[in-house]
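Here are my notes on the model you sent over. Have it open while you read, and go through the points in any order you like.

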Amino acid sequence: MIQAGDFYSLVLGHASSFENVTFKTEAILDMKVKDGNAILETEKGQYSGQYIFNSTGLFNPEMNTQNTLLQHFMGWFIQTDSPVFNEKIGTLMDFRLEQANGTTFMYVLPTSNTKALIEYTLFSESTLDKEDYQMALKEYIEKELKIKHYELTHEEFGVIPMSLAKFSATVKEEHRIVNIGTAGGFTKASTGYTFQFVQKHVSQIVNELKLNQSPAISLTWKDSIYAWYDRTLLDVLLSKKATGRAIFSSLFKKNSPEKILSFLDNDSNFWDEFKIRNSVPLLAFMSSGMRQLFSKKKAQPKN
Ligand SMILES: Cc1cc2nc3c(=O)[nH]c(=O)nc-3n(C[C@H](O)[C@H](O)[C@H](O)COP(=O)(O)OP(=O)(O)OC[C@H]3O[C@@H](n4cnc5c(N)ncnc54)[C@H](O)[C@@H]3O)c2cc1C
C-alpha cells in the first residue's frame, strides 16, 4: 500500500529539486495546437511548448449509465488495542455482503497486527449516502472481523469511473497533446485500477523523450487484447448477465491469486489467460465478448 501523501512528497520533492521545473496552480480552460506548438490556456494566461501531457477531463468522452459503472468506496484505517490482524495476509475481495446495490465487497489490508485499512467497495450506477458506507463498515468490523473495540484513525472516500467509453491517447493534430492517467484511458475498465498503468505509461513516455521520439505511444496488440477482456467483463456487469460476485468468486476459486493479480496487471502468459478465460460464466462472456469485439465506436471528445 502506498499512501498518497508519501507518493506526492516523493515525486514533488524530486521534481522541485530541478531548476527547470516550475509549479503553477491555475485553472486550465483549453489546450490547442498552433504552428506545431502545444498551447495551454489558463484563467491567467497562455503557455506554449513542444508537448502538453494532459490529465484533465477536458477531452474525456461522454460517460453515462449505459456505458459506465462507478467504483465507489469508503475506507477506514483502524487501530486496535490488542493484536487481531495477521499483517502478512490481506483480503482482496470479501463478497460475504449484501449485493442489493450491485457488486459489493470489502478489502482488508493490515499493515501491522493492530492496524488495517478496511474498504467497503461497490461497482454500481450511483454512489450511496455517506452513512450507508459507514454503517456497512461498522457492521463488517464487528460481525465478520469480530472486533468490538477499535479507533478510527482516518477515513478515505473515492469514486473511479469504469467505462466502455473510448478515451483517446492523444488530442489534436501532430500528437502534441498527449493524454495521461484516466484521461488517456489508463483506468482499467474492469477493475478501476489506474496507479500501476499510469506508472508504466509515464516510464514509456520518458524513454521515448530520452530517445528524441514522439511520446504519443500506440497500444500494442497485447494491450488491445487486455482492453478487450476488460470491456467484455464490464459489458457483462453493465448488462447484468452475471453478477460481480459470481464472476470474481469463480475466478478466485479456479485460479491462484498470484495468477489473477498478474492478469489484472495485464502481465500474464498465454496459458494463464486461457485458464482464466475458461473460469468465467461462458455464455454471458461470449455474447459480451462478441459485442465488444465489433464495437467500432471511435473516441468522441465532449467538445
Ligand atoms: C481514496 C482513493 C483511493 C484510491 N486507491 C486506488 C488504488 O488503490 N489503486 C488505483 O489504481 N487507483 C486508486 N485510486 C484512484 C486513483 O487515485 C485515480 O485513478 C488516479 O489518481 C487518476 O490519476 P489521474 O492523474 O488520471 O487523475 P487525477 O489524480 O484526478 O489528477 C487530475 C488532476 O488534474 C487536475 N485538473 C482537472 N481539471 C483541471 C482544470 N481544468 N484545470 C486545472 N487542473 C485540473 C485535478 O485537480 C487533478 O489534480 C484511488 C482514489 C482515491 C480517491
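This is a predicted model: local features need pLDDT of at least 70, side-chain atom pairs count only at pLDDT 80 or more; totals for chains, interfaces and linings use all residues.

The points below cover a pocket, some aromatic contacts and a few residues worth a look.

1. Let's start with the second largest pocket, which holds about 1300 Å³ of space. Its lining counts 42 residues, and those nearest its centre are Gly 185, Leu 219, Asp 223, Ser 224 and Ala 227. By class, the lining splits into 17 nonpolar, 14 polar and eleven charged residues.

2. H4 gives the most, with ten residues.

3. On to the aromatics: the model has 13 aromatic pairs. One of them joins Phe 105 and Tyr 107, edge-to-face, with 5.5 Å centre to centre and 70° between the planes. Both Phe 105 and Tyr 107 are buried. If you colour the rings, pick out Phe 95, Phe 105, Tyr 107, Phe 123 and Phe 248 together, as ring pairs link them into a cluster.

4. There is also a charge over a ring to look at. The charged end of Arg 176 sits over the ring of Tyr 51, at 4.9 Å from the ring centre.

5. Lys 146 has a positive phi, near 60°, and is not a glycine. You'll find Lys 146 in the loop between helix H2 (130-144) and E9, and with a relative accessible area of 63% it is exposed.

6. The other is Asn 212, again not a glycine, with a positive phi of about 65°. Is Asn 212 buried or exposed? Its relative accessibility is 74%, and exposed means over 50%, so Asn 212 counts as exposed. Asn 212 sits in the loop between H3 and H4, and H4 is the element that gives the most to the pocket lining in point 2.

7. Last, Lys 210, which belongs to helix H3. Lys 210 is exposed too, at 67% relative accessibility. From Lys 210 to Ile 39 there are 171 residues in sequence and 22 Å in space, C-alpha to C-alpha.

Note on methods: Residues are numbered from 1 along each chain as its sequence is written. Side-chain values use heavy atoms; hydrogens and water are left out. Rings of Phe, Tyr and Trp (its six-membered ring) pair if their centres lie within 6.5 Å; planes under 30 degrees apart count as stacked, over 60 as edge-to-face and the rest as tilted. Buried means under 20% relative accessible area, exposed over 50%, partly exposed in between (1.4 Å probe, protein chains only). A charge sits over a ring if NZ of Lys or CZ of Arg is within 6 Å of the ring centre and within 35 degrees of the ring normal. On a 1 Å grid over the protein atoms alone, a cavity is a set of points where a 1.4 Å probe fits but cannot get out, and a pocket is an open set with protein on both sides within 12 Å along at least five of seven lines; lining residues have an atom within 4 Å of a point. Grid points are joined across faces, edges and corners, and a volume is the space filled by probe spheres set on the points. Helices (H or I, at least four residues) and strands (E, at least two) are DSSP runs, numbered from the N terminus. Ala, Val, Leu, Ile, Met, Phe, Trp, Tyr, Cys and Pro count as nonpolar, Asp, Glu, Lys and Arg as charged, and the others, Gly among them, as polar.
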